[in-house]
Amino acid sequence: MRNFTSALFHDSQLGVRIRFNCELELEAVVHQLEADPQRLLEEFHRARGLISRLFGNEVENYKKTPTPSHMIHKEIPEILLLSNLPPCERPPPSKPNPPLTIDGKLPTRFPHRRGWHTDQSFRRPPPDVSLFYAVIPSPLGQGQTLFADGIAAYRNLPPNLRTKIRNMDGLHALLGTGRSEQAVRAGEPIQKLLPHQESQRQPLVRTHPVTGENALYLCEAGQMDWHEGPIIGLEPGVNGEGARLVYELMAHYTKSEHTYVHEWQKGDLVIYDNRCLIHAATWYDSDKHTRLMWRTTVSGNPGTPYVGETKSWLPEDGTDFLEGLGDGRWESATKLP
Ligand SMILES: O=C(O)CCC(=O)C(=O)O
Ligand SMILES: [Fe+2]
């Protein structure tokens, strides 16, 4: 019984070793755990933050990146809070219209379902992997996360479309910079951006740096720049040729054969690779239910197009990341007609 605790929490990056101030007899350990259960929980949660390190050499510390402080875990700055609970108080995405498909199913396909994105695509280099953990899930049937497979979607494109987009770039925008489809459609004035807030180009087809597979890489709504883009070299604007291509690609990307619906249960951890998929949140009844999710984001292996680049999204001179931007940028992604 001497190693009771390390058997429970292997001393590796997957877990944590907890030391007890007593002779390591099982009864004494159990007694200590019962006397101080909070400590065990805290250590366990800390270990969850550490798991992220397995998936890349840089786990984002949200205190050092453009993230509103009310969305950052108080003790563990690598954890982003997504919740309707304070201090985060993030509203869920709106219900699709109509709320169900004709055959009574959850709508998943664009443009019926909106909000499809890959995380932080306004950054060059963009991140690799996100880890998403359900602390308090909303009830089954609500607050799902939808995923679409970019590798299958690319493979299943009609060959002429695959050839057409092979060397094209999309223009990705930071939320809240007035470049979203919604803002441009509404004719909102185009704000002047600081260099680190500017939209960034990303290949429409990304080659995975580990597997060598090609995947579609684009977003919609708030994460593309619908003023100068969304596709470099094509007619810009919400009614331009670039917009038509995004609509066509997104409708294809999110076909049911490419998508997976994750119904969350407490304690689920979903690890997703932003380099080769997109995802979207669904509505839940936030008046009746609480939902608390934790996210970590890992980067470090974006692939050859980004070799040698410095981080586009960090101001060089210590300027406030969010200067000049409204606070609503995290909420605006899925608010579309
Ligand atoms: O809330 C969700 O289901 C998805 C949230 C999301 O897109 C993210 O954290 O990147
Ligand atoms: Fe996301």
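Colleague: Fine. What kind of model is this, and what is its average pLDDT?
Modeller: This is a predicted model. The protein averages a pLDDT of 87, and 87% of the residues score at least 70.

Colleague: Where does pLDDT stay under 50?
Modeller: Over residues 1-15, a stretch with 26 contacts in the model beyond four places in sequence. Residues 328-337 also have a pLDDT below 50, and that stretch has 31 contacts beyond near neighbours in sequence. Where pLDDT is low, the predicted coordinates should not be read in detail.

Colleague: Got it. How many helices and strands does the protein have?
Modeller: Seven helices and twelve strands. Of its 337 residues, 36% count as buried. As for contacts between residues at least 6 apart in sequence, 77% of them join residues at least 24 apart.

Colleague: On to the ligand. Which residues are around ligand 1?
Modeller: You'll find Leu82, Asp119, Ser130, Thr145, His279, Ala281, Met293 and Arg295 there. Two elements give two or more residues to that shell: β11 (277-281) and β12 (292-299).

Colleague: And how does the shell divide into nonpolar, polar and charged?
Modeller: Three nonpolar, three polar and two charged.

Colleague: Let's stay with β12. Why is it described as largely enclosed by the rest of the structure?
Modeller: Because seven of the eight residues of β12 are buried.

Colleague: Which way do β1 and β12 run, parallel or antiparallel?
Modeller: Antiparallel, with two bridges joining β1 (residues 58-59) to β12. One pairing to look for is glutamate 58, whose bridge partner in β12 is serine 299.

Colleague: How many bridges join β2 to β12?
Modeller: Four, and β2 (residues 80-83) also runs antiparallel to β12. There, leucine 82 stands opposite methionine 293. Both leucine 82 and methionine 293 are in the ligand shell, by the way.

Colleague: What about β3 and β12, how many bridges there?
Modeller: β3 (residues 129-136) pairs with β12 over seven bridges, in the antiparallel sense. Methionine 293 turns up again, this time opposite alanine 134.

Colleague: Switching to another shell residue: is threonine 145 partly exposed or buried, and why?
Modeller: Partly exposed, because it has 19 other C-beta atoms within 10 Å, and a residue needs 20 or more to be buried. Threonine 145 sits in strand β4 (residues 145-149).

Colleague: Which residues does threonine 145 touch, leaving out those up to four places away in sequence?
Modeller: Phe132, His262, Val270, His279 and Ala281. Of those, His279 and Ala281 are also around ligand 1. As for phenylalanine 132, it is 13 residues from threonine 145 along the chain, and their C-alpha atoms are separated by 9.9 Å.

Colleague: Last topic, the cores. Which residues of the largest nonpolar core touch the most other members?
Modeller: Trp116, Ala148, Leu216, Leu218, Val246, Leu249 and Tyr253, out of 35 residues in that core. Elements supplying at least two residues each include β4, β11 and α7 (241-253). α7 gives the most, with six.

Colleague: What is alanine 148 in contact with, neighbours within four places aside?
Modeller: Its contacts include Trp116, Tyr253, Leu277 and Ile278.

Colleague: And which residues does the second, separate core include?
Modeller: That core has 15 residues, among them Val59, Phe132, Met293 and Trp294. You've already met Met293 around ligand 1.

Terms used: Residues are numbered from 1 along each chain as its sequence is written. Chains are lettered from A and ligands numbered from 1 in the order in which they are written. This is a predicted model: local features need pLDDT of at least 70, side-chain atom pairs count only at pLDDT 80 or more; totals for chains, interfaces and linings use all residues. A residue is near a molecule or strand if its C-beta atom, placed from the backbone, lies within 6 Å of it. Ala, Val, Leu, Ile, Met, Phe, Trp, Tyr, Cys and Pro count as nonpolar, Asp, Glu, Lys and Arg as charged, and the others, Gly among them, as polar. A residue is buried if 20 or more other C-beta atoms lie within 10 Å of its own, exposed if 12 or fewer, and partly exposed in between; C-beta atoms are placed from the backbone. Two strands pair if DSSP finds at least two bridges between them. Two residues are in contact if their C-beta atoms, placed from the backbone, lie within 7 Å. pLDDT is the predictor's confidence in each residue, from 0 to 100. A nonpolar core is a set of buried Ala, Val, Leu, Ile, Met, Phe, Trp, Tyr and Cys residues joined through C-beta atoms within 7 Å.
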